[in-house]
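Okay, thanks for making time, everyone. Let me put the structure up and then walk you through a few spots.

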Amino acid sequence: MKQVEHSLDRNPEWKIVYNQQILDMLKRGFAREVPLQEFKEWQGSYYFLPHLAVVSPKSVTTPVRLVWDASRYQEGYNTMNQLLFKGPEQLVNDLASILLSFRFGRYGMMNDISKFHNRVYLFQEDFMMQLFKWRFCNLEVVERIYAILVNTFGVK
């Protein structure tokens, strides 16, 4: 969190965009604050996902993006992706079979769901493995704990 704050201090516009992305997640119900008492009473496993600001100078709408890094090592511990099992491959169609199925069927359909990965909500045991700390770049405020309640892109 402190590294992200330091990198965002270099550009106040990025700080606004980054904080707005977290606020947007909270507003849409993709994340929520976990009160300290609830965190202390939690008996199950938990994991703090590192997040970082990724600068995309060519992007007109979002010059800096909020990215969750489930493959980052933290203080010698395993990464989040190392702790998880990969799901079965047979549930995901390969591109060739999808294209061939259009040739044999009567109808083809395509749809674009906004923020698709964020439409799959997790059980509490799972979202407690996707915690993060943030204080909206306000050094005078104590950091708060948040949980990502939905499937996170890049997490096994």
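One term before anything else: when I say buried, I mean under 20% relative accessible area, exposed is over 50%, and partly exposed is in between, with a 1.4 Å probe and protein chains only. Please keep in mind that this is a predicted model, where local features need pLDDT of at least 70, side-chain atom pairs count only at pLDDT 80 or more, and totals for chains, interfaces and linings use all residues. Residues are numbered from 1 along each chain as its sequence is written, and side-chain values use heavy atoms, with hydrogens and water left out.

So, the overview. The protein chain has 6 helices and 5 strands; those are DSSP runs numbered from the N terminus, helices being H or I with at least four residues and strands E with at least two. Reading from the N terminus, the order is α-α-β-α-β-β-α-α-α-β-β. Of the 156 residues in the protein chain, 28% are buried. The chain exposes about 11500 Å², and 57% of that comes from carbon and sulfur atoms; the areas are Shrake-Rupley values with a 1.4 Å probe, and for residues only the protein chains shown count as cover.

Now contacts, meaning heavy atoms within 4.5 Å. Take the contacts in the protein chain with a separation of 6 or more: 66% of them are between residues 24 or more positions apart.

Next, the sheet. There's an open sheet of 3 strands in the order β1-β5-β4, with antiparallel pairing. Its edge strands are β1 (31–33) and β4, each of which pairs on one side only. On average, neighbouring strands here are turned by 30° against each other, direction ignored; the axes behind that are lines fitted to C-alpha atoms, for helices over the stretch in contact, and angles run from 0 to 180 degrees between N-to-C directions. Strands count as paired if DSSP finds at least two bridges between them, and β4 and β5, running antiparallel, are joined by 4.

On to salt bridges. I'm using a side-chain nitrogen of Lys or Arg within 4 Å of a carboxyl oxygen of Asp or Glu.

Start with E5 and R135, whose closest N and O atoms are 2.7 Å apart. That pair links distant parts of the chain: E5 sits in helix α1 (residues 2–9), R135 is in the loop between β4 (131–134) and β5 (144–148), and they're 130 residues apart. Are these two buried or exposed? E5 counts as buried because its relative accessibility is 4%, and R135 is buried too, at 13%. Skipping neighbours within four places in sequence, E5 is in contact with W134, R135, C137 and L139.

C137 is buried, with a relative accessible area of 12%. E75 also has a positive phi, about 50°, without being a glycine. You'll find E75 in the loop between β3 (64–68) and α4 (80–83), and at 76% relative accessibility it counts as exposed.

Back to the salt bridges. K15 pairs with D9 at 2.8 Å between the closest N and O atoms. K15 is partly exposed at 22%, and D9 is partly exposed at 44%. Then there's R28 with D24, at 3.0 Å, N to O. Those two are 4 residues apart in helix α2 (residues 12–28), so about one helical turn separates them. R28 is partly exposed at 38%, and D24 is partly exposed at 21%.

R28 brings me to my last stop, Y121. Leaving out neighbours within four places in sequence, Y121 is in contact with R28, G29, F30, L149 and V150. Y121 is in the loop between α5 (95–104) and α6 (124–127), and it's partly exposed at 47% relative accessibility. C-alpha to C-alpha, Y121 and N151 are 6.2 Å apart in space, though 30 residues apart in sequence.

That's my tour; happy to take questions.
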